[in-house]
Amino acid sequence: MNSTLLFNIIRFVFLIAAQVIIFNNINLFGFLNPYPYILFILLYPVNTNKSGLLIASFFLGLTMDIFSNSGGVHATACLILAQIRPAFFRFAFGLSYEYQTIKINDRLSPERFTFIFISILTHHLLLFLLEFFKFDFILDALLRTIGTTVFTLLVSILIIYLFKPTKK
Amino acid sequence: MQQIFNFIFKNSNRLLFLLLLITSLTLVVQSHSYHRSQVVNSANILSGNVYEQINEIETYFRLKQQNDKLAQENAALRKLLFNQKDSVFNLPKDSVKGYDKIEVIQSKIINNSYNVPENYLTINSGSLKGVKPDMGVISSQGIVGVIEKVSSNYATVISVLNIKSKINAKVKRTNHFGSLIWTAKNAGYVQLVEIPRLASVRKGDTIVTGGISKIFPENIPVGIIDKIYMDTKTNYYTVDVRLFNDMTNLNHVYIINNKDIDEINKLEAETKPNE
């Protein structure tokens with residue numbers, strides 16, 4: 001249990017650092033930045049205390065907000081994603097997900113892909129709707145959601161493959 | 001009482017979620033609503049330090065470019081010095097005295113943002129160097145923004161590329177005033193609105209800051225007119241202005257401290273209740 005906690009803290013710091021130092025400065029086509037830091041929420045252990053995940057996600061988002069001067073946009077999106085994560089598990093892996101041990105960071109199966117995709121899409125949609133915050137910009141927000149979702153999806157899958165546990 | 005505790009215990013996750021959600025949504029709404037309302041910002045020790053470290057490395061890749069820019073600025077200032085010798089001697093006393101009212105603090109941008117509707121920059125000087133909120137920030141080529149939040153060593157700047165920013169500006173040739181805003185479409189252009197219809201503006205005219213603003217001194221370059229639209233509802237011109245500054249590549253900036261600003265603010269505060 002203690003090692004899981006330590007592992008998650010390391011993952012938290014590593015993902016934030018990678019996000020701030022590398023991924024926030026990519027600016028593909030002048031406006032697309034991937035947000036693979038939400039992998040923290042996706043990879044958080046499945047059968048653990050939920051309040052821990054909620055608090056961790058909130059602070060994950062808040063840290064991002066501090067770095068990008070975005071008010072509370074990231075915090076809100078991360079928090080909501082953490083809250084509805086069990087529903088996405090049920091949607092992607094079927095009802096009995098709690099009894100089998102789900103590992104997200106493993107070979108890419110259709111179930112895992114569905115889960116990662118739907119989570120990223122939800123998070124980005126919330127993020128950009130809150131960030132743009134005006135009806136005038138709703139098309140920009142949707143456009144950016146689509147572009148960034150594809151980008152984040154690619155980067156996230158790459159990161160999962162790179163850091164896959166090498167046991168077996 | 002027992003039941004209340006039971007309820008709280010049973011729904012602790014949901015209550016925690018709601019509590020955090022209300023907190024974060026409050027932060028979001030607050031940051032969108034008005035000036036200087038950002039509670040969460042990058043003017044603090046943690047993010048300031050991180051950005052300063054990243055910037056240290058980044059600047060090495062842009063040294064040549066920045067040197068060229070500084071050399072160009074030096075050349076322009078030297079030209080001013082050589083050519084206006086006579087008029088400096090002949091300046092009326094008041095305006096010479098006026099020059100002392102403005103203090104310039106040198107600073108450096110350590111974090112830049114230009115691709116969301118509300119862009120903020122982070123600079124590496126704060127209240128210890130005398131930076132205060134509502135001071136103007138310019139670079140050698142033109143205006144950059146206005147100071148928003150200040151910590152002891154860092155400050156955030158509300159960029160001209162921010163839909164909350166509104167700066168007084170004028171057409172240099174005709175002296176007609178308008179407001180400089182941004183419609184979040186393109187990082188190279190800002191919009192000048194409320195130019196009266198009788199102004200004869202042309203494509204290619206230079207836009208500079210107006211004298212009405214107490215944040216910026218008069219005649220700081222902004223950009224040149226790229227396109228002119230007629231607003232049919234209000235009978236005002238709306239003008240697309242191409243910025244002199246490349247907002248995506250900024251490094252050295254100057255903070256303008258108008259020493260009279262406290263006095264002006266105090267006067268205005270005293271005048272307002274009578275209006």
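**Exercise 1. Identify the residue of S2(B) that is the bridge partner of Ile109(B), and describe how S2(B) pairs with other strands.**

Step 1. The bridge partner of Ile109(B) in S2(B) is Ile123(B). Strands (E, at least two residues) and helices (H or I, at least four) are DSSP runs, numbered from the N terminus.

Step 2. Strand S1 of chain B, residues 102-111, pairs with S2(B) in the antiparallel sense over 2 bridges; two strands pair if DSSP finds at least two bridges between them. A hairpin through 6 residues joins S1(B) to S2(B).

Step 3. S2(B) also pairs in the antiparallel sense with strand S5 of chain B, residues 155-162, over 5 bridges. Here Tyr120(B) has Ile158(B) as its bridge partner in S5(B).

The model is predicted: local features need pLDDT of at least 70, side-chain atom pairs count only at pLDDT 80 or more, and totals for chains, interfaces and linings use all residues. Residues are numbered from 1 along each chain as its sequence is written, chains are lettered from A in the order in which they are written, and side-chain values use heavy atoms, with hydrogens and water left out.

**Exercise 2. State which residues of S2(B) point one way and which the other way.**

Step 1. Glu118(B), Tyr120(B) and Thr122(B) point one way, while Asn119(B), Leu121(B) and Ile123(B) point the other way.

Step 2. All of these residues are buried, a term for under 20% relative accessible area, with exposed over 50% and partly exposed in between (1.4 Å probe, protein chains only).

**Exercise 3. Describe the interface of chain B and chain A.**

Step 1. In this interface, 36 residues of chain B are in contact (heavy atoms within 4.5 Å) with 35 residues of chain A.

Step 2. The two chains bury about 2,900 Å² between them, 67% of it on carbon and sulfur atoms. Buried area is the accessible area (1.4 Å probe) that two parts lose on being put together, summed over both. In chain B, Phe17(B), Val40(B) and Asn115(B) lose the most area to chain A, together 19% of what that side buries.

Step 3. Helix H2 (12-33), helix H3 (45-61) and strand S2 (118-123) of chain B each supply at least two residues of the side that touches chain A. The largest share, 13 residues, comes from H2(B).

**Exercise 4. Determine whether Cys78(A) is buried or exposed, and locate it.**

Step 1. Cys78(A) lies in helix H4 of chain A, residues 73-93.

Step 2. Cys78(A) counts as buried because its relative accessibility is 0%.
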